[in-house]
Structures are given as C-alpha cells and as structure tokens.
Amino acid sequence: MERVPILKIGDILLVSIQVDMSDQTAIQLQEDLAERIVATGCHGVIIDITALDIVDSFVGRMLSTIASISKVLDAETVVVGMRPAVAITLVELGLSLNGIRTALNVERGMELIAASRSDEWDEADVDEDAETTATS
Amino acid sequence: MTAGVDLGVPATQAIRSDEDVVRVRQLVRTTAVAVKLSLVDQTKLVTAASELARNTLIYGGGGTAEVVTVEDGRRRGVRIVFADGGPGIPDLDQAFTDGFTTGGGLGLGLSGARRLVDDFDIWTAVGEGTRITVTKWSR
C-alpha cells in the first residue's frame, strides 16, 4: 500500500496527494495526519488535491473526516487545488463537503489559515482587556 | 436503456480488492480518453465507475467490471458492466434513495452514479447477484 507523505512547513502540515489513492491509503492518511498534528502541535493542515482527477464519495468523506479530526485537535484544515471538472462532478454526485474550507491554491490556503489564527488571537486579546477593565 | 453497438474487444477487470477499484478507475479513464469524451464527462464517468466498483466489492463481495467502447451511428461512448454474484438488492427504491446505506458510507454511491452517466440499467435478484450497466456518450 502506498502512503501519502506529510510535510511540515512552519506551523502548517502540507499534504499533497499525488497518487490515485486506494481506500486503505486514504484511511491511513487520516490516521497519519492526526498523529502528526499532535506530535508537531501544528495549527493548520493544507490538503492539496491539484493532482487528483476525481474525488468520489469515499475521498470526499475522508476530507470531511480529516477536517473534523483536526478541528478537535485545534488545527484548521483547508483543501486547495480542486480542478473545475472535479467540482462540477462533486456537486452532481450530491457531495456537499460539509465543514470543509477551500482555497484555490496553497498560497491562498496558507493566508486563510494565518488569517483565522490571528482572528482567534484578536478575540483572546479582547477577552483579556475586558478582564483587566473589570478588575481595575 | 442500453442502445448502440459494441466496438472492439471488451476489457475486463476483476474487482477483488481496494487496488482493483483503483485499476477500474484507470481502465475507464484510458477508454474515456480514447473515445474523446470531454474532460468533465471523463471525470463524471470515472467517478461513477469508482462508486460502482466499490459497491461491487463491498456489497457484492467482489466481481468484475467490463469496459467496452460503443457507437450508435452518431456518437461514441464508453459502456461499463459491473457484475457480482453477491446477495442482490432486496429493495431497489430504497437503494436509490440519497443517504440510504447499509454499509456505513454516505449512501450516495448508486443514486450519485446514476446522475453522473447518460444510461443506467440495473438487474438484481436476491441470492443471485447484481449487474449494473452504465454508458456515457460523447457530445
């Protein structure tokens, strides 16, 4: 069975799927990613599907599951690089990819993750300020 | 319904494992490119084939996919026959309902695959097996 490599770039794990995955390979990727998120403490996961010529219901479900797992582990998932023909087919198949954030390419995906992390920091700051005001 | 004339020798791929589902996708892709289906139609057909091959493996206990190019005088197409000797489908209406599944999946396999192809034909008998024929035509 082939294994999909996971690269760490700064605070982000990058997965670029380059093979036609068997269902077992997809399940393995799910498990490998969960382990790497915990081991590295990364807060972002980018899954690049530029090379995938189809996304069927199994792979679609895998993407949703990865997004949910990483959310629980305090990481944000963005799926990038979906081909137009794949998007058209997904919609017709009836797959809505619930809970998955998408971006056109890796660069935009990284921006999206950075932006959502800084939003969280801003909120944390506001909370702290509020507390300071309350106690003073 | 299935119209048109078979062209050439069909290629048959056994479906006994996960890797065979990948091989079915590749065989269908090669054939779809050969009859010059558009990129979107290739993608739809390969996706439908992936769903149906997985069904053949999981629900039918394995079987075969036979891929052949067809022609009806005006256009060419790709026809795939998925056959298994599994338990058959007792309630077809239920099996075609979006979201219905007995296998823990999303329940989009059969209904989704039917939406992605031009012709869809199913034969099933409880205790005997299931045979699904799909065709995608060039435009």
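The structure is a predicted model, and the values below are to be read accordingly.

1. Surface and burial of chain A. The accessible surface of chain A amounts to about 7100 Å². Carbon and sulfur atoms account for 54% of that surface. Chain A has 136 residues, and 43% of them are buried.

2. Fold of chain A. Four helices and five strands form the secondary structure of chain A. Read from the N terminus, the order of elements is β-β-α-β-α-β-α-β-α. When contacts in chain A between residues at least 6 apart in sequence are considered, 73% of them join residues at least 24 apart.

3. A:Val45. This residue belongs to strand β3 of chain A, which covers residues 44-48. Is A:Val45 buried or exposed? A:Val45 is buried, because its relative accessible area is 0%, and the cut-off for burial is under 20%. Beyond residues up to four places away in sequence, A:Val45 touches A:Leu13, A:Leu33, A:Ile37, A:Ser70, A:Ala75, A:Glu76, A:Thr77, A:Val78 and A:Ile113. A:Val45 and A:Met110 are 65 residues apart along the chain, and their C-alpha atoms are separated by 9.0 Å.

4. A:Ser116 and A:Glu76. A:Ser116 is part of helix α4 of chain A, residues 106-135. With a relative accessibility of 11%, A:Ser116 counts as buried. The side chains of A:Ser116 and A:Glu76 make a polar contact at 3.4 Å. With neighbours within four places in sequence set aside, A:Ser116 is in contact with A:Glu76 and A:Arg101. A:Glu76 is also one of the residues that A:Val45 touches.

5. Positive phi angles. Two residues deserve a check of the backbone. A:Asp74 is not a glycine, yet has a positive phi of about 65°. A:Asp74 is located in the loop between α2 (57-72) and β4 (76-80) of chain A, and is partly exposed, with a relative accessible area of 40%. In chain B, B:Lys36 has a positive phi of about 60° and is likewise not a glycine. The loop between α1 and α2 of chain B holds B:Lys36, and B:Lys36 is exposed at 70% relative accessible area.

6. B:Leu37. The loop between α1 and α2 of chain B also contains B:Leu37. B:Leu37 counts as buried because its relative accessible area is 4%. What does B:Leu37 touch, not counting residues up to four places away in sequence? The residues are B:Ala32, B:Gln42, B:Leu45, B:Val78, B:Lys136, B:Trp137 and B:Ser138. Of these, B:Trp137 is 100 residues apart from B:Leu37 in sequence, while the two C-alpha atoms are 7.3 Å apart.

7. Extent of the interface. Chain B contributes 23 residues that are in contact with 20 residues of chain A. The area buried between the two chains is about 2000 Å², and carbon and sulfur atoms give 55% of that area.

8. How many salt bridges are counted between chain B and chain A? The count is six. A:Asp23 and B:Arg54 form a salt bridge, and their closest N and O atoms are 2.6 Å apart.

9. On the side of chain B that touches chain A, the elements giving two or more residues are α1 (18-34), α2 (39-58) and α4 (109-116). The largest share, nine residues, comes from α2(B). By residue class, this side of chain B divides into eight nonpolar, seven polar and eight charged residues.

10. Helix α4(B). This helix is mostly covered, with six of its eight residues buried. The buried residues are B:Gly109, B:Leu110, B:Ser111, B:Gly112, B:Ala113 and B:Leu116. Their packing partners include α3 (84-93) of chain A. Within chain B, the buried residues of α4(B) pack against α2, α3 (92-95), β4 (119-125) and β5 (129-137).

How values were computed:
Residues are numbered from 1 along each chain as its sequence is written. Chains are lettered from A and ligands numbered from 1 in the order in which they are written. This is a predicted model: local features need pLDDT of at least 70, side-chain atom pairs count only at pLDDT 80 or more; totals for chains, interfaces and linings use all residues. Side-chain values use heavy atoms; hydrogens and water are left out. Contact means heavy atoms within 4.5 Å. Buried area is the accessible area (1.4 Å probe) that two parts lose on being put together, summed over both. A salt bridge is a side-chain nitrogen of Lys or Arg within 4 Å of a carboxyl oxygen of Asp or Glu. Ala, Val, Leu, Ile, Met, Phe, Trp, Tyr, Cys and Pro count as nonpolar, Asp, Glu, Lys and Arg as charged, and the others, Gly among them, as polar. Buried means under 20% relative accessible area, exposed over 50%, partly exposed in between (1.4 Å probe, protein chains only). Accessible areas come from the Shrake-Rupley method with a 1.4 Å probe; for residues, only the protein chains shown count as cover. A polar contact is a pair of N or O atoms within 3.5 Å; within protein, one must be able to donate a hydrogen and the other to accept it, and residues adjacent in sequence count only if both atoms are side-chain atoms.
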